Amino acid sequence: MDQISAGPAKEQYVKCGCFLPPTATSRLEKCNQDILDYVQEFHDFSRRMISRLEGLRVYKAEFKNEVAHLLTRVERAQRDIDYFESTRESTACVEVDEDLVEKQLNEDAEEKRKVKLMLNASCDNMLAGIKSIKIVKKTGDMHGSWMTDPGKDHLKIYFLSGSKNNVILEFANIRAFTERNHKLTPRRVNLPSSWQGTGHVVYNGFLFYHIYGSLNEIVKYNIQRRKVTDRMLLPGAGQISAYELFPDTKIDLAIDEQGLWAIHAEPDTSGNLVITKINHMTMAVEHTWDTSCNSKNAEGAFLMCGTLYVVYNSPSGGTSRIECVYDVLDTINTYEIPVLPFPKRQGSHSMIHYNPKEKQLFAWANGSQILYKLQTKQKV
């Protein structure tokens, strides 16, 4: 047998126990690399397909909700058309017109009766004015949310800084929130996804928030167990901002004596606000109202006893004031309510939430966390 000359080929012979020419070795290495590249490409392709399938699932749900929402509006429009046609002046149709009007009135009365049964009609408070202002602290980003849980007996403060974030800070009480004490450090809760805007609320131990990057998906998150327990798509929401002066908030969630609500604006309503009553346990829509309050120059809104109060300002900043009121039960004459100014201060709010337990407003303005004490009276 010929002697194997020194060099790479001899080393290959020693390691493998046989002789492989250099060209065969390089081809084997190239084949192995091609297989690895193919496996990596297949994994990348699988991830892209899974992501696209998930996107299709969301689009399908959104499309289904949009169709249902469109059908509801078509039905409303058809009822309006039928009503206007029935009221055209015609001597031959006077009796028919009266019957249709009576039928319409009966339907409206029945609708109000159902709404009263759904809501706590005994809640008869309405806003009379803003009594005082207290700047509790100035911390965090320029925009954000802070609140307590009106559905629980504890005094915990929840702090959510920024209009896009995924970290909640839970303070034991207002003292722990205001004092700089290293022993009173907050509990940090990381959410599985970021929130959009500042319209989130905490109720009965759950955080309800609009998912960042989604059109109209609202998540119900158990703060103590740290997991998502439910979610929903809010029909018609997310296309435009709820408030012109703070465009980051597309869906503003609210809590009052009646429970969970959502406030948003729609192109179909010419920018007028739409309020929706949501069952906080099942995440199902209970009822929707198209209001006469517009989102132009609005900076925020809140609900008290089923009545919407919209806060307006000027784009350059000035005195915040409540100029539009909408009562879902139609028990107050909203046109006779005067403009209700907030105590004089600079800038505008990026968050205003009513706490039905403490009967005050939690607000965020230019990085400051503020409390407003309210004056109330019975609805007239």
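Cysteine 305 has 0% relative accessibility and counts as buried (under 20% relative accessible area; exposed is over 50%, partly exposed in between; 1.4 Å probe, protein chains only). This is a predicted model, in which local features need pLDDT of at least 70, side-chain atom pairs count only at pLDDT 80 or more, and totals for chains, interfaces and linings use all residues. Residues are numbered from 1 along each chain as its sequence is written, and side-chain values use heavy atoms, leaving out hydrogens and water. A search of the whole structure gives two disulfides (a disulfide is a pair of cysteine sulfur atoms within 2.5 Å).

**Cysteine 123 to cysteine 305**
- The S to S distance is 1.8 Å.
- The link is left-handed, with -60 degrees about the S-S bond.
- It ties distant parts of the chain, 182 residues apart: cysteine 123 lies in the loop between helix H3 (94–118) and strand S1 (125–138), cysteine 305 in the loop between strand S14 (298–304) and strand S15 (307–312).
- Helices (H or I, at least four residues) and strands (E, at least two) are DSSP runs, numbered from the N terminus.
- Cysteine 123 is buried, at 11% relative accessible area.

**Cysteine 293 to cysteine 324**
- These sulfur atoms sit 2.0 Å apart.
- This link is left-handed, with -85 degrees about the S-S bond.
- It also joins distant parts of the chain, 31 residues apart: cysteine 293 is in strand S13 (residues 284–294), cysteine 324 in strand S16 (residues 321–327).
- Cysteine 293 is buried at 0% relative accessibility.
- Cysteine 324 is buried at 14% relative accessible area.

**Pattern**
- Counting bonded cysteines along the chain, the disulfides follow 1-3, 2-4.

**Cysteine 31**
- Cysteine 31 is partly exposed, with 39% relative accessible area.
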